[in-house]
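Here is a walk through one protein model, written for someone who would rather look at residues than at tables. Keep the structure open while you read.

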Amino acid sequence: MNILGVTGPALHDNSAALFVDGKLVAAAEEERFLRIKHAKRRQPVNAIRFCLAQAGIRPDEVDVVAYPYAPIPLTSPARWYYARRHWYEPGRALRAIYDGNRKVHRNTASVAQLLDELGIGSRRARLVAVEHHLAHASSAYHLSGFEEKTAIVSIDGKGEYATMFFGYGENGTIHRIKEFYDPDSLGWFYGALTEYLGFEIQDGEYKVMGMAPYGDPRKYDLSRLIQFDGGGIRVNTRLINVIGRRQYRANGRKYDFSREFVRWLGPVRNGDDIDEPYVHYAAAAQRLLEDAALSLIDHYVGDIIRETGKLCFAGGVALNVKLNQRLLAWPQLKQLFVQPAAGDAGTSVGAASYAATSFGEPVQKMEHVYLGPSFSTDECIAACREHPQKPAWVRLDDAPARAAEIIADGQPVAWFQGRMEFGPRALGNRSILGNASHPGMAERINAQIKYRERWRPFCPSLLDTVARDLLQSDHPAQFMTIAFDVAAHWKARIPEVVHKDGTARAQVVSDATNPRYYRLISELERHTGNAVVLNTSMNRRGEPIVCTPTDALNLFYGSDLRYLILEDLLIAKD
Ligand SMILES: [Fe+2]
């Protein structure tokens with residue numbers, strides 16, 4: 001069965017994914033093709049076309065189209081809860097009751113129109129609407145490969161109305177235990193703090209997480225923002241997660257916190273520095289998020305974790321690697337799978353996997369994220385010939401070995417290989433690599449290409465042979481979804497990839513899933529003695545990760561990078 005998952009224009013991080021007979025064969029985010037980060041309110045047209053072409057499937061061979069946004073009936077408590085909690089804006093509150101699915105209907109109509117335009121046919125293919133959090137839950141559980149009873153948690157800003165899902169999976173079926181509804185949202189709380197700290201909501205959350213270790217979480221008490229206790233949670237909508245007239249307004253924009261919030265904590269932060277008191281607010285917000293999430297997870301699925309030791313996690317908040325580190329520290333938790341595309345990009349995968357299992361087609365474990373387009377060396381040569389800079393290239397016999405030489409010599413390398421990654425992390429196919437042991441490397445990469453805030457951490461990719469010694473954990477850590485405490489005897493060896501708090505958001509590389517990257521790091525180990533490379537995504541600040549060789553060339557010539565390797569081609573600047 002060919003099952004296509006598509007997000008719709010109502011979501012951000014729009015994407016498409018394709019399952020063929022239960023196997024995820026292709027997935028990509030629309031932003032990579034459009035070259036517009038997050039591709040908000042855009043249909044995943046290019047992503048769908050790519051998925052079909054990759055699988056060699058005609059549009060009329062798609063059997064099922066699933067999308068992660070479904071009508072919520074009036075019999076659900078969701079719309080009533082929304083109305084009650086937003087009564088301070090009566091118009092919005094009432095509309096949740098009498099016209100509460102308008103966004104879903106608009107999205108459905110838009111998806112149907114797109115399917116007709118692409119020749120898939122909205123009346124020919126079977127359309128399946130999957131509730132947003134069920135899609136997140138499925139993207140974690142059904143792709144985890146876990147067979148025993150498994151706790152499932154999904155936490156994000158919000159889907160239709162739900163903001164958090166707690167449940168479990170057993171024999172391939174997802175069971176719901178508890179959901180929470182808008183405005184009681186941990187993702188939205190963190191997003192509002194992200195805005196307050198001067199970043200974009202649904203974009204800069206990871207920057208808040210990166211800033212937090214520089215602050216002291218005890219310095220300011222933010223606990224009045226969220227009350228949680230005994231399985232309940234209530235966000236203070238006098239201060240945060242506000243709509244309408246309660247929203248703070250300045251500089252022609254509206255914020256997700258109130259005027260009262262700004263009176264309490266002071267003006268909205270701007271600039272690139274880590275400054276007081278904001279750095280302490282970041283630390284306190286991070287701590288509050290962790291404490292609230294851990295308390296709810298323990299309350300609703302703690303017994304399942306204690307029974308079988310398995311937990312699957314998705315939703316935007318599952319990208320919080322520090323929260324995941326605390327989850328993994330639970331002694332009872334034996335296996336944690338965080339869907340690598342935990343944000344909304346992953347809901348195309350989740351809607352499709354949910355549909356597949358509901359039609360009786362089991363879904364295979366997600367072994368890697370190399371699910372996007374790839375380009376042969378000949379295609380890279382063609383891209384060079386067409387590029388206005390007329391790059392000269394050298395054909396390499398052993399690209400990983402040459403890359404390792406350059407990196408060992410202290411130069412960053414843009415490393416473009418194989419199929420593009422799905423999800424927010426570059427995991428060795430669209431990466432900029434540097435020497436993790438070379439003091440100043442992080443700054444050099446910042447100066448040459450990233451131009452990002454100097455306090456933001458860079459991350460390591462390391463071989464499975466040293467993972468246990470370095471990370472002090474047996475977790476497979478393939479996807480950079482968890483932070484680990486770096487062992488004391490490694491910290492001085494790889495200073496460029498250890499964060500302020502002694503942790504690293506690590507990717508463990510195995511020969512089975514990425515042999516060329518594995519070989520590169522092995523060669524680097526021969527030169528430096530460390531089977532570790534600094535890995536950052538191949539993009540400039542504010543841009544999506546590169547997709548094509550032309551994107552990589554544009555980035556290369558728009559930066560001070562000196563070396564680019566496109567498949568087997570080395571392109572160097574003098
Ligand atoms: Fe979501």
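## The strand in the middle

Let's start with β1, which is covered on both faces: Asn2, Leu4 and Val6 are buried on one side, and Ile3 and Gly5 are buried on the other. Keep in mind that this is a predicted model. With five of the five residues of β1 (residues 2–6) buried, the strand is largely enclosed by the rest of the structure.

What does β1 pair with? It runs antiparallel to β2 (residues 15–20), and five bridges join the two. Here Gly5 sits opposite Ala17 of β2. β1 also pairs with β4 (residues 64–67), this time in the parallel sense and over three bridges. On that side, Ile3 faces Val64 in β4.

## The sheet around it

β2 and β3 run antiparallel and are joined by six bridges.

## Helix α3

Which residues of α3 (residues 77–85) are buried? They are Ala78, Arg79, Tyr81, Tyr82, Ala83 and Arg85. These buried residues pack against α4 (90–98), β8 (173–181) and β10 (232–235). Have a look at the start of α3 as well: a side-chain oxygen of Ser76 comes within 3.0 Å of the backbone nitrogen of Ala78.

## Rings and charges

The model has 19 aromatic pairs. In one of them, the ring centres of Phe375 and Phe416 are 6.2 Å apart and the planes are at 45°, so the pair counts as tilted. That pair links distant parts of the chain, with Phe375 in the loop between α12 (346–358) and α13 (377–386) and Phe416 in β16 (residues 413–416), 41 residues apart. Both Phe375 and Phe416 are buried. Elsewhere, one aromatic cluster is formed by Tyr196, Tyr220, Tyr248, Tyr255, Phe257, Phe261, Trp264, Tyr278 and Tyr281.

The charged end of Lys310 sits over the ring of Phe146, 6.0 Å from its centre. Lys573 lies over the face of Phe556, at 4.3 Å from the ring centre.

## Two buried strand residues

Ala414 is in strand β16. Its relative accessible area is 0%, so Ala414 is buried. Leaving out residues up to four places away in sequence, Ala414 touches Ser431, Ile432, Met538, Leu561, Tyr563, Leu564 and Ile565. Take Leu561: its C-alpha atom is 7.7 Å from that of Ala414, although the two residues are 147 residues apart along the chain.

Now turn to Thr536, in strand β22 (residues 532–537). Is Thr536 buried or exposed? At 6% relative accessibility, it counts as buried. With the nearby sequence again left out, up to four places away, Thr536 touches Ser431, Ile432, Ile445, Lys450, Arg452 and Phe458.

Most residues other than glycine have a negative phi, and most peptide bonds are trans. Asp13, in the loop between β1 and β2, has a positive phi, near 50°. Asp13 is buried, with a relative accessible area of 16%. Glu567 has a positive phi too, about 50°, and is found in the loop between β23 (563–566) and β24 (569–572). Glu567 is buried at a relative accessible area of 12%.

Where are the cis peptide bonds joining Asp182 to Pro183 and Glu276 to Pro277? Pro183 lies in the loop between β8 and α7 (186–196), and omega for its bond with Asp182 is about 15°. Pro277 is in the loop between α9 (259–265) and α10 (278–308), and omega for the Glu276 to Pro277 bond is about 0°.

How values were computed: Residues numbered from 1 in each chain as written. Predicted model: local features only at pLDDT ≥ 70, side-chain atom pairs only at ≥ 80, totals over all residues. Heavy atoms only, no water. Buried < 20%, exposed > 50% of the residue type's maximum accessible area, 1.4 Å probe, protein only. Helix = DSSP H or I, 4+ residues; strand = E, 2+ residues; numbered from the N terminus. Contact = heavy atoms within 4.5 Å. Polar contact = N/O pair within 3.5 Å; in protein donor to acceptor, adjacent residues only side chain to side chain. Pairing = 2+ DSSP bridges. Phe/Tyr/Trp six-rings, centres within 6.5 Å; stacked < 30°, edge-to-face > 60°. Lys NZ or Arg CZ within 6 Å of the ring centre and 35° of its normal.
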